[in-house]
Amino acid sequence: MKGKLTFLDLVSRIAGETGQPAQRVHDCLTEAVRLNEEELSNAGRSAFPGLGHFSLKWHEARTGHNPRTGEAMAIPAHNLIHFSPEAPLRTFINRRYSRLKAKPIKEKGASDRASGLRRVHWAWLVGLLLLVLLLLVFRPRTWMGRPAPPVAPSQTEEAAEPVALTAEESPTTVEPVATTEAPVEEAEPVAPAPAAGIASAQHTVGSGDNLWSLALAHFGGSAYWPLIYQANAPLLDDPDLLPVGVSLQLPALEGRPLALTESDVDRLAQAHVAVYRAYRRLENSAAVGHLWVAWHLRSGWVEGQGLDAADLARARRMPGKPELD
Amino acid sequence: MTQTEWFQTLAQRLDVTPEEVKRLIQGSAQVMKTVLDEDWGFTLPGLGTFHAAVHPSRKGYSPRLRRHVMLPTRRVVGYHPSAPLRTALKFKRVTP
C-alpha cells in the first residue's frame, strides 16, 4: 500500500470527479457512515452500496492465554465487525490477475493411482498385442482340414495299439496298417510336367509323414494336400491317417502355388470336394470347410455336384476367403 | 433494510432526492474503487479504514474437484473498523 488518503483528501477527490460541492459530499458520506453504524447496531448488518457489506459476528466467551505471561485469561463474549467487498469491487481490483486460474496440484497419491491405472492399461494393451500376434502366427486353418503331423505310426508301433492323434479336425485313432505290404521304393517322376509346373512323383509313407507335410515338400504349399489325397483316395480311408509303407502318388501341377492354371484350380476344387466327402463320411467337422474352399474355387461346378444342400448353404455363409499359400 | 430504503433514508436526512443521493454515493464508491485499485487506502471516520492487499499464490483445496489446487495471486480488500464503532458494538449482541 502506498499510503492512506485522509477523509478530506477523499472528499475533495470525490467532489472533483463527481462535480458536486465538497461540503455536500462530506455531509453525504458522514450521514451514510452514521446510517451504517445505526443499521449495524440494530440489525447486525448493513451495506455501503458499491463498496460492500458489513456484518457483526458474535464470539462466545472463552478462556485464552496471555501470550506474554502464558497465564490463562477469560475472554468475554464480544462482537467482531466483518466487511465483505462487493463482487464488482473484487473484480475491479483484480483485473490484472484475472487471467490467473487455479491449477490442480499433482498429488503423490493421485499420481501413484494414475500411474497404476496406466500400468494396468499397458498390461491390457500388451496382452492384446500378444494375442493378436499369436493369432497371426497360429491362425486357424480349419478349412484346410490339416492332418495332424504325427499321423503314421512308426514301424515299431504298427502292431501296437492304435495311436491317438492330435489332429485338430479328427482326433481319431489310427487303424493298424497292414504290414504285409512291402515298402515301396521311392520312384523316379513318372510323368514329367511342363517346365513351369511341378512334376508328379511317388513317395513311400514313413513314420511321421502326413499329407500336409508331403504337400509342403512336393508343391511348396501345404494347402494343396487335398490333391495328394484325391490322387490316392483308393488307398486312404481317412485323409488324416496314412498307413506306413504305402506308396503314394504325388500329382503334378501345371502351374505353381499362387500361380495356378485353370486346370489346376479345377482339380483343386475337385480334390477339396473329395476331402469333403471323406470327412462327411467320417463325420468330421472339417468337412464343410473343404466345401467352402471348393465353392470359392469353382462355385458353379460345386453347386452342380448334388452335394448336401445344408452343407452347401453353411459353406456359402462362412466368412472370408481361402488362402492358397 | 434494502438498498432503496437505505437511499431514501439518507435522502430524507440530507433533505435531497433519493436520485441525487444515489448518484453521489455511486460516484463516491467509484472513486473509492479507483483509490483502492491505485493501491491507496482511505478512511471513513466512524466506519473504519480500507486498503487493498496482495495475497500471493497459495495451496488450497477445491471441494468441487476434490483435489488440492494452487490458488493464484489475488488482491483483497482489507478493513479495520474504527475504534469508536468497535467499542460501541463490541458487547452488544444483535439478533437479526
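Me: What is the mean pLDDT of chain B, and what does chain A average?
Reply: pLDDT is the predictor's confidence in each residue, from 0 to 100. Chain B has a mean of 93, with 99% of its residues at 70 or more. Chain A averages 80, and 78% of its residues score at least 70. The model scores ipTM 0.92 and pTM 0.49.

Me: Where in chain A does pLDDT stay under 50?
Reply: Where pLDDT is low, the predicted coordinates should not be read in detail. In chain A this concerns residues 147-195, where pLDDT stays under 50. The model has 92 contacts (heavy atoms within 4.5 Å) beyond four places in sequence for that stretch.

Me: How many residues does each chain bring to the contact?
Reply: Chain A brings 62 residues and chain B 61 residues. Buried area is the accessible area (1.4 Å probe) that two parts lose on being put together, summed over both. For chain A and chain B that is about 6100 Å², 69% of it on carbon and sulfur atoms.

Me: How many salt bridges and polar contacts lie between chain A and chain B?
Reply: A salt bridge is a side-chain nitrogen of Lys or Arg within 4 Å of a carboxyl oxygen of Asp or Glu. Another is formed by B:Arg13 and A:Glu31, whose closest N and O atoms are 3.2 Å apart. B:Arg13 lies in helix α1 (residues 3-14) of chain B and A:Glu31 in helix α2 of chain A, so this pair joins two chains.
A polar contact is a pair of N or O atoms within 3.5 Å; within protein, one must be able to donate a hydrogen and the other to accept it, and residues adjacent in sequence count only if both atoms are side-chain atoms. Between chain A and chain B, 22 residue pairs are in polar contact, both residues at pLDDT 80 or more.

Me: Which strands form the open sheet of three strands?
Reply: Strands of a sheet pair through backbone hydrogen bonds, either parallel or antiparallel. Strands (E, at least two residues) and helices (H or I, at least four) are DSSP runs, numbered from the N terminus; two strands pair if DSSP finds at least two bridges between them. Here the order is β7(A)-β4(B)-β3(B), with antiparallel pairing. β7 of chain A and β3 (58-62) of chain B stand at the edges with a single partner strand each, so one side of each is left without a neighbour in the sheet. β7(A) pairs with β4 (residues 67-71) of chain B over two bridges, and A:Lys103 has B:Met70 as its bridge partner. β3(B) and β4(B) pair over five bridges, with B:Gly60 facing B:Val69 as bridge partner.

Definitions and conventions: Residues numbered from 1 in each chain as written. Chains lettered and ligands numbered in written order. Heavy atoms only, no water.
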